[in-house]
Amino acid sequence: MRLFNAAIVLSTITSTVTAFSLQNQNQLQQLQLQLLQQNAISNTQLKVLADDETLSSSQRTPLGMPGTAKMDKEWGELGFEFRPTKSHLCITYKDGEWGEMELNEDPYIQIHMGATALHYGQACFEGLKAFAHPDNSVHVFRPDENAKRLQSSCERILMPVIPHDLFLKAVNEVVRDNIAYVPPYGSGGALYLRPLLFGSGPRIGLQPADEYTFLLMVIPVGDYYKGGLASPVDGIIINDFDRAAAKGVGHVKVAGNYAADLLPNMLSKKEGYPISLYLDSKTQSLVEEFSTSNFVGIVNGGEEKKYVTPKSSSVLPSITNKSLMTIAKDEGLTVEERDIPIEELEDFDEVLACGTAVVVTPVGSLTSVGKGDVNKFEFSQEVGPITQQLYDQVRAIQSGEIEDKHGWNFKIE
Ligand code: PLP
Ligand code: COI
């Protein structure tokens, strides 16, 4: 509460100063420094304004060190669950424009009971990761792609798009403020960034809101599936539910897609399958994608090595998949993006799930339970050589161990 009040105080001071002295940024800087010296407000609020326009880089607090936060677990033992960090970033959209970035320590937010996100699911999100490199610098993997995908989600559900540069700046600021929570180089972990944008203004009739909130939270994470790359997971093919309609919203990352998946996902897990594969909703005959990741089938038939992934208007365009396709081509594999009939599962030597959270997860088998019959497709029971190769390459780029020749890493400044 104290922090929230301080943020209001600071933004009031800021707008007052800006109003009568636009030509003199120094006054604002001096006021901020004065406040800092008096210790009147916490560092967190001051950093809200610590962007290029208000504080010169020499006045910015020095960038800290990854892996220095106090944790309840060893860095190498983290799974994929919520953990508190120092702060999250918030920007609100009101009266047709995006406001100032704020870094807040309190993970609870106040929300109007009529918010369109709560009633009509006007909400979308993203997922991306920051990694520590051997020299302790920190890099975010392809945030420009997440900025673009977030914009396409916003457009589909009539929300204002967050400007590309503002998104990148927000990513930089929140990682900078939470740098101690970036798992250290060599731990295998990453700082997961979860941008979330939702209608926070009230509506009772079905209409888009006129106020929006963008939040960017960060969480140190390890493997999504226990055992990570070392343990192929067994999957089930979902026959009783669809993930996304052919002309629906499967290609964007809107919250409702995940609500619809909760029940099938839980039922699958109860049956002993940690991962579930959806088919296309129209014909129920084509491989679509997993609940939280894209599908990739590998043919390793001696001479020709193939990377096959579905092309569908209702699959989420995965940034990991896009990166793996580039790596696969670099490594001499033939990459095919096309329809994959279920029967073709028999032809794959390796199957993998790919995504930011799951990275590259080998899938050992896929079971289809139909009316009275069970059909099990089996793949490599150990990590296949191509799966291993793709994983090693993408992780080495993310961790700064090999050349980032495609320019995918964005350094935190
Ligand atoms: N497919 C779905 C349904 C997802 O939720 C995700 C996760 O973001 C992915 C695929 C993988 O996308 P990305 O590699 O961009 O994280
Ligand atoms: C991600 O991989 O970033 C995701 O968004 C997956 C999440 C639904 C668990």
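Predicted model: local features only at pLDDT ≥ 70, side-chain atom pairs only at ≥ 80, totals over all residues.
Of its 413 residues, 42% count as buried.

User: What makes residues 255–270 a helix, and what is its span?
Analyst: A helix here is a DSSP run of H or I with at least four residues. Helix α7 has 16 residues. From first C-alpha to last, α7 reaches 23 Å, close to the 22 Å expected.

User: How do you know where α7 bends?
Analyst: The bend is the angle between axes fitted to the seven residues ending at a position and the seven starting there. At Leu262 that angle is about 40°. A proline, Pro264, follows within four residues.

User: Why are Asn257, Asp261, Asn265 and Ser268 called buried?
Analyst: Buried requires 20 or more other C-beta atoms within 10 Å of the residue's own. These four α7 residues are buried, so each meets that cut-off. Residues three or four places apart in an α-helix point the same way, because a turn takes 3.6 residues. The cover over the buried residues of α7 includes β9 (233–237) and β10 (275–279).

User: Why does the shell around ligand 2 divide into 2 nonpolar and 4 polar residues?
Analyst: Tyr and Ala count as nonpolar, while Gly is among the polar. Tyr258 and Ala357 are in the shell, so they are nonpolar. The shell has no charged residues.

Technical notes: Residues numbered from 1 in each chain as written. Chains lettered and ligands numbered in written order. Buried ≥ 20, exposed ≤ 12 C-beta atoms within 10 Å, placed from the backbone. Helix = DSSP H or I, 4+ residues; strand = E, 2+ residues; numbered from the N terminus. Expected span 1.5 Å × (residues − 1). Contact = placed C-beta atoms within 7 Å. Near = placed C-beta within 6 Å.
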